[in-house]
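Visitor: Could you take me through the disulfide in this one, slowly? I'd like a close look at that part.

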Amino acid sequence: MISSSAVRRVLAVAALVLAAACAPEPAAPPAAGAPSCEPGALPTLTSGTLTFGTDQPVYPPWYLDDDPASGRGFEGAVAYAIADGLGYPREKVTWVRVPFNASIQPGPKSYDLNLTEFSITAERAQAVDFSAPYYDVKQAVVAMQTGAAAAAGSIADLKGLRLGAQVGTTSYQAILDQIAPTGEPAVFNTNDDAKLALSNGQVDAIVVDLPTAFYITSAELEGAKIVGQLPLGSGTPEQFGAVLDKDSPLTACVSAVVEKLRGDGTLAALEDQWLASAETAPELR
């Protein structure tokens, strides 16, 4: 005969087993290294504040009046759209100025992310992180209407001319790769220096991204013209991405916001608002 105390022990064990079976599953811990994109609570350089970097000066149509904090110009507007998507209102955004080349060197950054027309390249990605791309780029050739390059109708027509571009840019690389001139291209510290050399006749043409070419010819250099745009190569087009510190904990969150802005049409709307249409520039072949 089973004692009453033994029965009580069996019933107690059964109750514990039943309770364990009915208990809810504990929440799984986040995967190691997975970022938390909680709005306004990212591990930024300054807690509660999102810091953007840009070159100095910055130019239209990317930023207006060398004032990135205004949010005017394509990249200025994109920056604040990204900030909003990350949960940082305008009053929680700050800006710092960093030279173009210094922004993509290895080492700690003075910004959380930087928007200065940085083309995504494998070489640069060894030193920094890039967000998902926010703009597809074409390069364009700008010349003075009275200059030797004005009548060029093909890439072959450009090969023997004096060409130039800003140092460290994909515009300079496009001269080497897509035009392959017979002479060494001129290198300039800034686009302002390149424009001055063009207007002074030191070079026959300069290469810049297409929206910048539209602005130069419409508002900056009287008598300048777009000779044409360079064709896109095969494969992935040249694209601009935000630059972040290498292995930044913010990269995945920023990329997710950029992809959302692309998917919901925000980036396309900002392009329409701030950037001229490529259809008015002939393609050089």
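Guide: Let's start with the rule: a disulfide here is a pair of cysteine sulfur atoms within 2.5 Å. By that rule there is one disulfide, formed by Cys37 and Cys253 with their sulfur atoms 2.0 Å apart. The torsion about the S-S bond of Cys37 and Cys253 is about -90 degrees, so the disulfide is left-handed. The pair ties together distant parts of the chain, 216 residues apart: Cys37 sits in the loop between α1 (4-22) and β1 (50-54), and Cys253 in helix α7 (residues 251-263). Those labels are DSSP runs numbered from the N terminus, with helices being H or I of at least four residues and strands E of at least two.

Now for exposure: with a 1.4 Å probe and protein chains only, buried means under 20% relative accessible area, exposed over 50%, and partly exposed in between. Cys37 is partly exposed at 40%, whereas Cys253 is buried at 1%.

A word on the source. This is a predicted model, where local features need pLDDT of at least 70, side-chain atom pairs count only at pLDDT 80 or more, and totals for chains, interfaces and linings use all residues. Residues are numbered from 1 along each chain as its sequence is written, and side-chain values use heavy atoms, leaving out hydrogens and water.

pLDDT is the predictor's confidence in each residue, from 0 to 100; the chain's mean is 87, and 85% of its residues reach 70 or more. Over residues 1-32, though, pLDDT stays under 50, and the model has one contact (heavy atoms within 4.5 Å) beyond four places in sequence for them. Where pLDDT is low, the predicted coordinates should not be read in detail.
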